[in-house]
Amino acid sequence: MKTIRLILLFAAFTGLWAATQAAEATVKGMLISASNEKGESDPRLAAYAANLKRILRAESLHLLGEDSASLAVPSSGELSLGGQSVQLTTESADGKTVLLRARWGSVHQDYVIQRGGGTTLLIGPAERGGEVRVVLLIAR
């Protein structure tokens, strides 16, 4: 009888641990400057450069800052990206997905993270000379 109780207790803790692990979102953020000036792009952005250049119609990209955070669901946190702050809030969408709300100054974005993760862009207003600053968020 004690063995059965121990097995049930172990199973309960294992289930609780698995639920806790699933209820977390890891978010990596990168602050990027996109410009129409010809030149070399930051090599740290090589994996994203082709898509970002196409979307932003930019000639060069420069990484200005990056940070990451692990957030429980639900909770809130912050990314500090090269002097810029991105506020993050997570909540459970349906038990299998996570709703991530991101706020960067006046830019607000909500998106649903499916299993395996997702990527979104927060695009700021164009500055003098056509430079655009964007935040690339990669969530898992």
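The side chains of Arg-44 and Asp-42 meet in a salt bridge, 2.8 Å from N to O (a salt bridge is a side-chain nitrogen of Lys or Arg within 4 Å of a carboxyl oxygen of Asp or Glu). The structure holds seven salt bridges. This is a predicted model, in which local features need pLDDT of at least 70 and side-chain atom pairs count only at pLDDT 80 or more, while totals for chains, interfaces and linings use all residues. Residues are numbered from 1 along each chain as its sequence is written, and side-chain values use heavy atoms, with hydrogens and water left out.

**Arg-44 and Asp-42**
- Buried means under 20% relative accessible area, exposed over 50%, and partly exposed in between (1.4 Å probe, protein chains only).
- Arg-44 is exposed because its relative accessibility is 54%, whereas Asp-42 is buried at 13%.

**Arg-101 and Glu-91**
- Arg-101 forms a salt bridge with Glu-91, and their closest N and O atoms are 3.5 Å apart.
- Arg-101 sits in strand β5 (residues 98-104) and Glu-91 in strand β4 (residues 84-92), so this pair ties together parts 10 residues apart in sequence; strands (E, at least two residues) are DSSP runs, numbered from the N terminus.
- Arg-101 is partly exposed at 32% relative accessibility, and Glu-91 is partly exposed at 31%.

- Glu-127 is partly exposed, with a relative accessible area of 38%, and Arg-133 is partly exposed at 25%.
- Elsewhere, salt bridges with shared partners join Glu-91, Arg-101 and Asp-110 into one network.

Conventions
Helix = DSSP H or I, 4+ residues; strand = E, 2+ residues; numbered from the N terminus.
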